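The report below works through selected local features of one model, grouped by the part of the chain to which they belong. Please keep the sequence and the structure at hand while reading.

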Amino acid sequence: MDLENLIGSITKNDQELWLMCVMVGILMCNIVYRVTGLISLTCFDCYAKLTKLQKMEWNNRGFSTFHAFVAAGGALYLLIWSDLFVEGSESMSSRKSVLSDSILGISIGYFLSDLGMILWYYPILGGLEYVLHHGLSLFSIILSLISGQGQIYILMVLFTESTTPFVNLRWYLDVAKQKNSKLYICNGIAMFLGWLVARILLFIYFFVHMYLHFDQVCLLFEVIG
């Protein structure tokens with residue numbers, strides 16, 4: 001079955017679920033952005049001293065942190081604790097569920113929101129590399145969602161978002177002039193360990209898994225090609 005036939009086989013329920021999850025992702029970002037500003041103004045004295053653009057980035061990192069917990073938590077559950085990707089006769093690359101579709105849809109909403117802000121405030125929130133990263137992320141997630149293929153690998157990559165809270169906390173502490181604090185040092189250690197596990201060891205497992213299931217990976221490219 002080629003991609004055109006796959007798109008033709010998409011049901012109305014699928015379309016409604018995907019659209020709802022994307023909208024939830026966008027709404028989530030908007031709400032967390034505003035709540036981050038309100039909480040920070042009340043709980044952190046340094047927030048009031050920030051410039052308008054610094055406050056904007058502070059709040060932006062608030063919803064990127066929230067999405068990281070949602071995406072990484074959902075990916076971890078689906079990959080480790082659920083039965084969705086247990087070894088069996090069915091191809092790993094073609095497995096999906098309502099929850100996996102929902103996680104991907106919410107992530108699309110997040111990446112659209114963040115990309116919109118990056119372009120609007122360009123290059124304050126990130127340069128061309130961020131635009132490229134978000135564009136490729138959107139393309140791969142949308143393709144996997146529509147085709148129903150390769151979600152196990154997309155979820156593995158989404159789990160790498162688990163390092164985002166450490167990166168954002170490092171930025172918060174830097175802006176708050178807390179670089180000499182114990183929390184900054186502990187966060188640095190945690191960030192190193194997080195990157196080791198989620199960005200290095202995970203990708204080693206990622207490619208080993210693809211190699212061990214190479215026949216299924218080849219079928220994946222035939223389906224969406």
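T163 counts as buried, because its relative accessibility is 1% and the cut-off for buried is under 20%. The model is a predicted one, and that should be kept in mind for every value that follows. T163 is placed in the loop between α7 and α8, and, once neighbours within four places in sequence are left aside, its contacts are with G194, W195, A198 and R199. T160 is found in the loop between α7 (151–159) and α8 as well, and with a relative accessible area of 5% it is also buried.

## Helix α7

How many of the 9 residues of α7 are buried? The number is 8, and therefore the helix is largely enclosed by the rest of the structure. The buried residues of α7 are Q151, I152, Y153, I154, L155, M156, L158 and F159.

## The largest pocket

The largest pocket has a volume of about 550 Å³. Its lining is made up of 20 residues, and those that lie nearest the centre of the pocket are Y130, H134, T164, V167 and N168. The elements that contribute two or more residues to this lining are α4, α5 (98–120), α6 (128–147), α8 (164–175) and α9 (182–212).

By residue class, the lining of the largest pocket divides into 7 nonpolar, 7 polar and 6 charged residues.

## Aromatic pairs

Counted by ring centres within 6.5 Å, the aromatic pairs come to 12. One of them is formed by Y33 and F63, whose rings lie 6.3 Å apart from centre to centre with 50 degrees between their planes, an arrangement that is tilted. Because Y33 lies in helix α2 (residues 12–43) and F63 in helix α4 (residues 52–81), this pair ties together parts that are 30 residues apart in sequence. Y33 counts as partly exposed, at 22% relative accessibility, whereas F63 is buried, with a relative accessible area of 2%.

Elsewhere, ring pairs link F44, Y47, W58, W171 and Y172 into a cluster.

Not counting residues up to four places away in sequence, L112 touches V22 and L138.

In the loop between α5 and α6 lies P123, which is joined to Y122 by a cis peptide bond with omega of about 0 degrees.

D45 is found in helix α3 (residues 45–48) and counts as exposed, at 66% relative accessibility. Although D45 and A176 are 131 residues apart in sequence, their C-alpha atoms are 9.0 Å apart in space.

K177 lies in the loop between α8 and α9, where its phi is near 60 degrees, a positive value in a residue other than glycine. With a relative accessible area of 74%, K177 is exposed, since the cut-off for that class is over 50%.

Definitions and conventions. Residues are numbered from 1 along each chain as its sequence is written. This is a predicted model: local features need pLDDT of at least 70, side-chain atom pairs count only at pLDDT 80 or more; totals for chains, interfaces and linings use all residues. Side-chain values use heavy atoms; hydrogens and water are left out. Helices (H or I, at least four residues) and strands (E, at least two) are DSSP runs, numbered from the N terminus. Buried means under 20% relative accessible area, exposed over 50%, partly exposed in between (1.4 Å probe, protein chains only). Rings of Phe, Tyr and Trp (its six-membered ring) pair if their centres lie within 6.5 Å; planes under 30 degrees apart count as stacked, over 60 as edge-to-face and the rest as tilted. On a 1 Å grid over the protein atoms alone, a cavity is a set of points where a 1.4 Å probe fits but cannot get out, and a pocket is an open set with protein on both sides within 12 Å along at least five of seven lines; lining residues have an atom within 4 Å of a point. Grid points are joined across faces, edges and corners, and a volume is the space filled by probe spheres set on the points. Ala, Val, Leu, Ile, Met, Phe, Trp, Tyr, Cys and Pro count as nonpolar, Asp, Glu, Lys and Arg as charged, and the others, Gly among them, as polar. Contact means heavy atoms within 4.5 Å.
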